[in-house]
Structures are given as structure tokens and as C-alpha cells.
Amino acid sequence: MTQSLSATGLPPAFPDHTQLPESDGTFVKNFQAHPQSILLTDSLESTLQTLHPDGQYAIGQSGGIYWRETDPPERGAEAPDWFYVPNVPPLLDGEIRRSYVLWREYMVPIIAFELASGDGSEERDNTPLSRSPEGIAQKPGKFWVYEQIIRIPYYAIYTIKTSQLEVYNWVNARYRLLEPNDRGHYPIDRMGVELGVWEGSYQNQTQRWLRWWDNQGNLLLTGSEQARLERLHTEQERQRAQADRQRADRQREQTQRDAIPQLLAMGLTVEQFAQALSLSVEEVQRLG
């Protein structure tokens, strides 16, 4: 006799971002990670608007990327400090994302960043997924997951203590360490930008920061930097206009002074001078 469908049973539905843990309970490892993530996102806004005029993209900051089902669930996730996923909605069914579930959305992030507080060995961990002699699955290394499972096209590791930046590109099923260009930047071709290290002050910290440049080598500005640049431009235009007015006033006054001898030779009165030069009598007397 054929078993009924209900008797056989179906596997449980894959969980979504609202059913999976959004944190593994660990602390943020350094105080630069948060402003660094904001800086990467803020300065990339105009580029992302060009790439996605429909607004279909998502930015993750220490959010979990779930790539396999495990028990507990967070063992099947990695949480890059920053990552960008193209062609997905920023919200899911009107809800703020709590994680990115690869088996539900399928779109792979284009780039992921890890900001290493230590020497970067954890971020370079290439340990493959395996099982212990007791049959317990061993958690693989970040590098292996990004390269072999998620296959993120670009993976950047920034070691904060040494300001060392490594950028890997996924080619022929492996990560290849990229060399910087003549500007010391790493071209991220699929985004039309370059990635590099910039020294300066941001959010009350003077550090060496990861920044974006366009493919002509122009620094991509944050909103506050762009506003400051526009204020400076406006002030320079105001000063230029003021200088032009002052120059024109001096030139007009000199022209009027030069006209006085000719008008005097004609025997005109002061009132006639004033009318001829479109001035008041007092201004004519001052010029004379």
C-alpha cells in the first residue's frame, strides 16, 4: 500500500531572516569598526544611486550571512563587518532586514570587508568544513566560507593595527590576491570604483581609513564633505562677485573722474555735471 503524503511528512520550511538569530552575542571588537562602516556606506551613496536607480540593493554592517542550516543556527552564518548585495530590496516585505539568508535570496554579495583587530589570521582562516571523529560538524574558517561556499567576488581584509589592506578577487574558483594600481588603490571593476587607504579625521578620530575613489582617482566624498565643499565654493563665488563689484565701482569712478575736465571745458554747472554723470551733486563735489 502506498503511504499517504501526510504520513510520510515534509521537511520543515527553511527559516527566513525573522526566524534566525541576528547576533552571536559577542562584543564589537574595536571602536573603529562602526565609523569605518558608516564611512564606506556614506561615501558610496551617489555611486550606488547610479548603479541602482531603482534602489534595489542592501548594505550589511556586521549582519549575518546565513549560508547553511545548523544547530545552533548562528554556526551556519558569517557576519562581515561590511558587505554590499546588488539587486535585492533594502526591506523584505516592509520589514527591516535582520540578516541576509542566502538560500532564500540567492544573490551573492559583490564585496565583503573584515576589519581585523588582531593580526588577520582569523580573517584568513582557510579551514574547510569537516566533521570530527564523533561526527560533529567543525566550523570552517571565514576565508574558506567566502571563497568556497558564498563565492563573494571581492574580499577585503583590513588589519587596523598595521593599516595593511589585502583585497582578494574570486577567479577560477579561488581567491587571488590583487596588486594595487599606480595610485595604490585596488580597482573593484564590478562597481566602477577603487578601494584604498586614506589618512584623515572622521567622526572625531584621526586614523587611516578605508575609502573609495572613482576610476579616475577622485576621492568619493561623504555627505558632510560634499556640503563643506559646496559651502567653500559658495563663499569663493561670493568673494569673487564682491571683488568684481569693487573693481567695477573703481573703474566707474575713474571714468567719471576722467570725464570731469571735459565737462568743465564745456562750462557746465555742478547740477549739469551731476545729471550728465547720473550722480548726486554731493558725489560730483566729492569726485572733483
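Analyst: Buried means under 20% relative accessible area, exposed over 50%, and partly exposed in between (1.4 Å probe, protein chains only). Helices (H or I, at least four residues) and strands (E, at least two) are DSSP runs, numbered from the N terminus. This is a predicted model, in which local features need pLDDT of at least 70, side-chain atom pairs count only at pLDDT 80 or more, and totals for chains, interfaces and linings use all residues. Residues are numbered from 1 along each chain as its sequence is written, and side-chain values use heavy atoms, with hydrogens and water left out.

User: Are the residues of S8 that point one way and those that point the other way buried or exposed?

Analyst: In a regular strand the side chains alternate between the two faces of the sheet. From S8, Ile 111, Phe 113 and Leu 115 point one way, while Ala 112, Glu 114 and Ala 116 point the other way. Six of the six residues of S8 are buried, so the strand is largely enclosed by the rest of the structure. The answer for both sets is therefore: buried.

User: Which residue of S11 is the bridge partner of Phe 113?

Analyst: Two strands pair if DSSP finds at least two bridges between them. S8 pairs with S4 in the antiparallel sense over three bridges, and with S11 in the parallel sense over six bridges. Phe 113 is the bridge partner of Trp 82. In S11, the bridge partner of Phe 113 is Ala 156.

User: How many residues has the largest nonpolar core?

Analyst: A nonpolar core is a set of buried Ala, Val, Leu, Ile, Met, Phe, Trp, Tyr and Cys residues joined through side-chain atoms within 4.5 Å. In the largest one, the residues with the most contacts inside it include Ile 111, Phe 113 and Leu 195. The number of residues in this core is 24.
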